[in-house]
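This report presents selected local features of one protein structure.

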Amino acid sequence: METTQPGRLWFFNNKDMNLSLLTAISPIDGRYRSKTEPLAEYFSEYALIRYRVRVEIEYFITLCELPLPQLQDFDRALFEPLRDIYRNFTPADAQRVKDIEQVTNHDVKAVEYFIKERIDALSTPEAPLAAFKEFIHFGLTSQDINNTSVPLSVKEALEEVYYPLIEELIEQLNDYAEQWKQVPMLAKTHGQPASPTRLGKEVMVYVYRLEEQLRSLKDTPLTAKFGGATGNFNAHHVAYPQYDWREFGNRFVSEKLGLEREQYTTQISNYDWLGAVFDAMRRINTIVIDLDRDFWMYISMDYFKQKIKAGEVGSSAMPHKVNPIDYENSEGNLGIANAILQFLAAKLPVSRLQRDLTDSTVLRNVGVPMGHALIAFHSTLKGLRKLILNEEKLAEDLENTWAVVAEAIQTILRREAYPNPYETLKALTRTNERLTGEKIRDFIETLEVSEAVKEELRAVTPATYTGI
C-alpha cells in the first residue's frame with residue numbers, strides 16, 4: 001500500500017505483526033498481560049472451547065447414568081478417559097476444533113464432532129463405540145452448552161482468581177487498620193476540617209465495605225439455561241416421555257456443574273443473575289475507586305510519603321516528583337471495567353422473542369472487565385505497599401485546627417444546660433483568624449461552669465477528640 005506518510009509505510013509493509021505483547025490491540029492482553037494471564041484459563045477462545053467440551057462430556061456421562069436405554073451398555077470404565085479429554089485439553093485440541101469449525105461454520109457443532117472423533121479413538125474392535133456417539137449433544141441446542149459454559153467459567157474465575165486477589169487487598173487494608181488504629185487524624189468533610197478521627201478507623205471503613213459487597217457477590221447465584229431449543233425439553237420429551245427431564249436438568253446442572261438451573265427460559269438464559277453478578281462486581285470496583293481517590297488525596301496532603309525505588313522516574317521533566325500513579329492506574333482501569341459491567345448487566349437480559357444472537361458476541365467479553373479489575377487491584381495493592389506514614393504531618397494538621405474541638409465543647413455545655421452553647425461556640429470559631437489551643441483554654445476560663453466541667457473541657461484536644 002502506498003502512503004505519503006513515511007512513518008506509516010513501515011507499519012503497512014511489516015510482515016511480522018503477529019500477535020504478541022507488543023502487537024496486541026487490547027492492553028489487557030498486551031501491556032498488562034502479566035497481571036491478566038491467569039484469566040486466559042477461563043475466558044480465552046481456548047478456554048471457552050474447553051468448557052464446551054467439558055459440558056458436552058459431563059452431559060453424555062449423565063445420560064449414561066440415567067441410563068437411557070441405548071446407553072445402559074456403555075462401559076462406565078470409560079467415564080474417566082472421557083473426562084480426560086477436557087481435563088487434558090490442549091491448545092492443539094482447541095485448534096482441531098477450530099479446524100472443524102472451518103467446515104461446519106458452527107462453533108458448538110465443531111465441538112460435538114471433535115468429541116465424536118475422540119470417542120472413535122477410544123473404540124476398539126472388541127468394544128465398538130459408534131452406536132453411542134449420537135448421544136453426544138442429544139436433544140440440545142447450542143445455548144444449552146454456551147449458557148452453561150460461560151457461567152461456569154465466570155464461577156471458576158471468581159473463585160480461583162478474582163476472590164483471592166480482592167481478599168488479598170482486604171487483608172492488606174485490615175493490616176493497616178490495625179497498625180494505625182490509634183493514629184489520630186483530622187477528618188475532612190466537604191474538604192473542610194471536621195471532627196477528628198483515627199486513620200485506622202478510616203481504613204477500616206473500606207475493609208467493612210469491601211467485605212460486605214464481597215459477601216453479596218459470593219451469595220449471588222450463578223445460573224444456567226438448560227432445556228433444549230426453546231427451553232421446554234421438546235426433543236427430550238418426544239423421544240423419552242417417561243423421564244422427568246426437568247428434574248434431570250436440575251440435577252445435571254447442580255451436581256455436575258455446580259450451577260443453578262433457570263426453571264423457565266426461552267432458547268437462551270434469562271441472564272438476570274449473571275447481570276446481578278456484574279452489578280455486584282461493579283459495586284466492589286466503585287469502592288476501590290473511592291479508596292484510590294482517598295489515598296491519592298492523603299499523599300497529596302503529605303499524610304503519606306512513598307517508598308522510592310532506585311532507577312524509577314516520577315516525571316520526565318520534574319526530577320523531584322514521586323507520583324501516586326498506582327492509584328491513578330487503578331482508577332482508570334476500574335472505570336473501564338464498570339462501563340463494560342454496566343453494559344453487560346443492562347444488555348444481556350434483553351432479547352427479542354425467544355432469542356436473538358446479540359448475546360453471543362457480547363458473552364465473549366465477560367472476561368474483559370474482570371481483566372481490568374485485576375490490573376486495578378494489583379495497582380492498588382502496589383500503591384498501598386509503597387506507603388510510609390508521616391505522623392508528624394497528621395499531628396501538625398491537628399494542632400493547627402483547634403476549631404474542631406468546638407463540637408465537643410458545645411455538646412458538653414448542652415449537657416450542662418448552658419445557655420446558647422452552639423451560638424457561643426459559633427461566635428468563637430467562625431472567624432478568619434486561626435484558633436489556637438491557647439485561645440480555646442482562655443475561652444474555657446470565661447465560662448460560668450464548675451471547675452470539674454472546666455477540667456473536662458481542658459482535656460479535649462484535636463488529638464484526643466477522636467470518638468470510639
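Trp 180 lies in the loop between helix H8 (142-179) and strand S1 (184-189). Helices (H or I, at least four residues) and strands (E, at least two) are DSSP runs, numbered from the N terminus. The model is predicted: local features need pLDDT of at least 70, side-chain atom pairs count only at pLDDT 80 or more, and totals for chains, interfaces and linings use all residues. Residues are numbered from 1 along each chain as its sequence is written, and side-chain values use heavy atoms, with hydrogens and water left out.

Trp 180 counts as buried because its relative accessibility is 4%; buried means under 20% relative accessible area, exposed over 50%, and partly exposed in between (1.4 Å probe, protein chains only). Leaving aside residues up to four places away in sequence, Trp 180 touches Leu 199, Gly 200, Val 203, Phe 304, Leu 387 and Leu 389, where contact means heavy atoms within 4.5 Å. A distance of 7.6 Å separates the C-alpha atoms of Trp 180 and Arg 198, which are 18 residues apart along the chain.

Helix H17 (residues 406-415) has Ala 406, Ala 408, Ile 409, Gln 410, Ile 412 and Leu 413 as its buried residues. The helices against which these buried residues pack are listed below.

| Partner of H17 | Residues |
|---|---|
| helix H18 | 421-429 |
| helix H19 | 437-446 |
| helix H20 | 451-458 |

Just after H17, Ala 417 adopts a positive phi of about 60 degrees.
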